[in-house]
Amino acid sequence: MKLHEIAQFIGAQLHGDPDCDITGVASLQDAIPGTISFLSNSKYQHFLADSKASAVILDLSESQNYSGNILRVENVYLAYAKVATVLNTSPDPASEIHKSAQIHQSSQFDNSVSIAANVTISENVTMGKNCYIGPGCVIEKNVSLGDDVRLLANVVLCHDVKLGSRVLLHPGVVVGSDGFGIANDRGVWFKVPQLGSVLIADDVEIGANTTIDRGALENTIIEQGVKLDNQIQIAHNVKIGAHTAIAGCVGIAGSAVIGKHCGIGGGSVILGHLEITDQVEILAMSLVSQSIKNPGQYSSGTPVQDKKTWNKNNARLRKLDELSKRVKQLEKEIKNSQRNSNQDGDK
Amino acid sequence: MKLHEIAQFIGAQLHGDPDCDITGVASLQDAIPGTISFLSNSKYQHFLADSKASAVILDLSESQNYSGNILRVENVYLAYAKVATVLNTSPDPASEIHKSAQIHQSSQFDNSVSIAANVTISENVTMGKNCYIGPGCVIEKNVSLGDDVRLLANVVLCHDVKLGSRVLLHPGVVVGSDGFGIANDRGVWFKVPQLGSVLIADDVEIGANTTIDRGALENTIIEQGVKLDNQIQIAHNVKIGAHTAIAGCVGIAGSAVIGKHCGIGGGSVILGHLEITDQVEILAMSLVSQSIKNPGQYSSGTPVQDKKTWNKNNARLRKLDELSKRVKQLEKEIKNSQRNSNQDGDK
Amino acid sequence: MKLHEIAQFIGAQLHGDPDCDITGVASLQDAIPGTISFLSNSKYQHFLADSKASAVILDLSESQNYSGNILRVENVYLAYAKVATVLNTSPDPASEIHKSAQIHQSSQFDNSVSIAANVTISENVTMGKNCYIGPGCVIEKNVSLGDDVRLLANVVLCHDVKLGSRVLLHPGVVVGSDGFGIANDRGVWFKVPQLGSVLIADDVEIGANTTIDRGALENTIIEQGVKLDNQIQIAHNVKIGAHTAIAGCVGIAGSAVIGKHCGIGGGSVILGHLEITDQVEILAMSLVSQSIKNPGQYSSGTPVQDKKTWNKNNARLRKLDELSKRVKQLEKEIKNSQRNSNQDGDK
């Protein structure tokens with residue numbers, strides 16, 4: 001692509017040679033001639049001067065010292081993402097129905113669908129156009145997929161799960177496994193049938209080995225544009241609002257309702273039967289044990305100290321209630337002694 | 001089923017029409033005529049009056065204001081679970097040995113066994129009656145399964161693993177992977193062979209993508225009726241006592257011994273070589289670093305605050321030892337000043 | 001093996017019968033005649049006297065009271081690991097290219113390679129000698145493997161991933177899934193293409209269901225001899241230094257750089273864009289939110305207390321900043337009252 005075509009594509013102001021050829025993207029430090037790079041984090045500013053990139057995407061504040069070709073935009077990272085998408089040369093999977101795929105005769109698909117080797121598809125599965133089902137995937141009965149859905153390798157969709165269009169599931173994702181429903185019968189656990197399903201709306205992306213359980217009675221719901229990282233656990237009857245992003249290793253317990261446009265940091269745990277409103281950001285390794293009614297940032301992660309210092313502080317934490325009482329006692333004694341000394345003064 | 005048949009089945013006291021037809025279960029708010037619902041959490045009491053359910057399972061305390069058909073029991077959730085089980089219409093997998101399953105000739109099974117597509121079964125695998133092996137499962141050498149075992153899709157059982165009867169493994173479960181055994185040889189790690197196996201007793205259920213490592217020398221042991229949620233990691237030589245339930249994302253380190261009838265909250269970490277007695281409940285996101293010798297509830301999870309407040313508190317936590325010393329110093333000074341003022345008084 | 005052969009193999013000092021036959025390893029308590037055992041943890045000292053092992057590996061300090069055959073070494077656990085390796089009789093997988101494996105014609109392998117059932121291998125995959133690809137594995141385009149690589153069941157290697165020699169991946173591992181790269185476009189997430197790959201050096205072992213994302217532009221890098229436990233999440237552009245060991249359920253966020261010879265405890269979270277120097281040990285369930293520049297041990301895990309005590313302490317923690325201010329106020333008042341009483345004394 002010519003640089004002026006890219007500028008037009010991302011709505012950038014172009015400074016430099018409009019006819020410069022661009023064939024790929026690269027980081028500032030690893031760029032070679034013919035690539036376009038970007039600077040969205042001022043931490044990497046020092047790589048700018050020596051970069052071999054043929055052009056750089058910058059925002060208004062960062063371009064003073066740079067004499068190369070510039071595409072100037074407001075949202076650099078987004079502009080980069082769009083350029084990287086259009087120049088992406090990652091290999092496409094083969095377009096075929098592989099002879100080793102085991103597809104039940106009742107499941108009929110559009111000609112534009114690709115199904116890789118060793119796939120298993122059960123009865124009454126439906127798909128829109130241009131879907132790709134990767135090697136080793138398992139799709140159980142009555143599952144329905146929209147258009148342009150991509151399941152990478154070894155994904156499992158359990159019966160009756162419904163996916164919208166442009167849903168992207170990375171390897172090892174499981175959707176629709178039974179929720180953790182058990183009723184106690186004098187000490188012995190009795191399994192509660194999990195009769196709901198999972199509904200995943202359009203434009204959802206789910207990271208490798210993440211699991212989403214089916215609802216107990218109603219459905220587990222993942223709304224439009226939600227982005228889930230790897231190794232996340234979503235329990236039964238959870239609802240995640242549109243355009244919420246959740247980082248790796250998060251666990252969300254049953255019937256929790258997460259709002260729209262939220263962000264949840266890695267390793268956090270959200271307890272069940274609570275509600276988090278829209279526009280809430282939970283920082284990494286936090287525990288949410290009550291509903292959150294106001295937008296904003298919340299945290300309970302405790303950063304490391306050197307072990308000796310932490311052990312001392314932690315030993316005190318284990319007696320913090322006692323310490324608080326001692327402070328209260330001190331306040332009382334000070335007050336008394338002040339009253340006494342005032343009385344002394346009065347004498 | 002007629003309502004009186006259900007009443008008899010769960011041992012309920014029936015108030016209303018014994019001949020009412022019930023064809024399924026539903027939540028109070030989503031019920032349609034013909035379904036039976038339940039009220040086990042008083043939080044949902046307000047849905048009762050307007051529910052379209054043809055009958056409701058209730059306990060003694062909740063039924064005053066309801067004029068519809070009632071099944072009265074003590075343990076509502078358990079009664080509901082039993083009704084939901086008997087009315088469950090989730091699709092059964094096909095009963096067949098799929099032609100694409102790769103089964104070693106030395107592994108011979110009862111006629112009642114079903115094996116789905118793209119399964120791999122190695123030498124000397126044995127199974128009881130009515131087992132179901134889902135698509136993409138891998139069963140390695142010398143594995144043995146009891147009766148009525150169900151492995152859903154893409155489950156892996158490594159060599160020599162032994163499962164009892166009525167064991168249910170959800171998609172992506174791995175049982176019998178090598179434990180994390182490494183010996184340090186002047187900075188370089190040397191792998192310690194993992195020579196034990198995993199024994200899983202009857203009526204165990206294991207959630208999606210949970211992993212259970214084989215023992216180093218002895219076996220990793222999961223006792224009868226244990227229920228494990230998704231994304232759990234059980235290390236080598238762990239022993240989990242009968243009827244213990246563990247929520248998602250828990251990690252249990254090597255050689256930890258968990259008692260019977262315990263409950264472990266989501267995201268908790270149990271360190272290795274320690275013992276937790278029976279009837280212990282660990283709340284969510286807790287760290288167990290020492291043995292627990294007394295039954296009861298234990299916790300160390302820290303719930304979120306708004307970020308600004310938490311940052312202030314956390315900054316103080318990092319100097320809590322110093323704060324404690326300052327309080328001690330204050331106590332000393334108060335004591336001294338009181339002694340002095342008493343001496344003054346004596347003068 | 002004769003005991004004197006084992007002694008020579010591990011460089012041990014032999015006390016006892018050099019011709020004693022040894023056929024396997026066992027723990028002290030479960031040993032039967034013909035096995036060799038070891039004592040590396042003094043906690044198990046009391047099993048020594050009654051052990052039925054035909055020989056025991058011991059260090060210099062533990063052998064006083066034992067009259068059986070002894071192999072004396074400095075690093076007992078390492079010596080045991082070497083003996084267990086040489087005596088290991090775990091079943092080897094079949095050596096074959098299984099007829100059900102789906103291998104693209106452009107991918108050609110050495111005769112010494114074994115490929116199990118239901119494997120999928122795409123275009124232009126290369127392998128060294130003696131590799132083993134387990135059942136259900138998926139290897140996408142342009143992946144390259146060194147010699148003696150072992151992928152156990154249902155492992156997924158995404159396109160362009162590169163593995164060194166003697167790499168061992170346990171079941172369900174995913175390497176090369178897309179990193180969690182999203183750019184915000186007025187509230188809606190736009191996917192950032194993940195164009196880097198994953199490079200895994202020689203002698204790396206990765207536990208069951210662990211996931212390693214491909215880099216966004218540069219590569220994610222796992223250096224030589226790194227050992228990863230189960231259920232770990234490694235984000236895009238992370239670099240893990242040689243001979244570092246990471247326990248289960250750890251999450252490492254994007255672009256974090258971990259040094260060589262580090263150890264990271266189970267359930268810990270390492271935030272992104274930070275650097276941890278060599279020889280750092282992070283204890284279990286810790287949060288690393290800033291770079292660590294000095295070797296040593298670090299921690300922020302909070303061990304459980306009984307629930308009532310913890311709730312009290314935690315309630316105080318939520319007001320710790322206020323408590324600190326109260327202590328400061330007390331110090332001020334004490335100082336004032338001391339000044340006053342000194343002035344009184346001066347009078």
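**Close-ups of a predicted model**

**Figure 1. Chain A is built from four helices and 35 strands.** Since this is a predicted model, everything shown here is computed. The radius of gyration of chain A comes to 28 Å, well over the 20 Å that the globule rule gives for 347 residues, so chain A is more spread out than a compact globule.

**Figure 2. A look inside chain A: buried residues and contacts.** Of the 347 residues in chain A, 54% are buried. Now take the contacts between residues at least 6 apart in sequence: 20% of these join residues at least 24 apart.

**Figure 3. Chain B laid on chain A.** A turn of 120° with a shift of 0.0 Å along the axis puts chain B onto chain A, and the RMSD is 0.0 Å. The two copies are thus related as by a three-fold rotation axis.

**Figure 4. Helix α2 of chain B, residues 76-87.** This helix has twelve residues and reaches 16 Å from its first C-alpha to its last, close to the 16 Å expected at 1.5 Å a residue. Nine of the twelve residues of α2(B) are buried, so the helix is largely enclosed by the rest of the structure. Among the buried ones are Tyr77(B), Leu78(B), Tyr80(B) and Lys82(B).

**Figure 5. What packs against α2(B)?** From chain B itself, the buried residues of α2(B) pack against α1 (3-10), β2 (24-25), β3 (35-38) and β4 (55-58). Chain A joins in too, with β17 (182-185) and β18 (188-191).

Note on methods
Residues numbered from 1 in each chain as written. Chains lettered and ligands numbered in written order. Predicted model: local features only at pLDDT ≥ 70, side-chain atom pairs only at ≥ 80, totals over all residues. Helix = DSSP H or I, 4+ residues; strand = E, 2+ residues; numbered from the N terminus. Rg over C-alpha atoms; globule rule 2.2 N^0.38 Å. Buried ≥ 20, exposed ≤ 12 C-beta atoms within 10 Å, placed from the backbone. Contact = placed C-beta atoms within 7 Å. Least-squares fit on C-alpha atoms with pLDDT ≥ 70 in both. Expected span 1.5 Å × (residues − 1).
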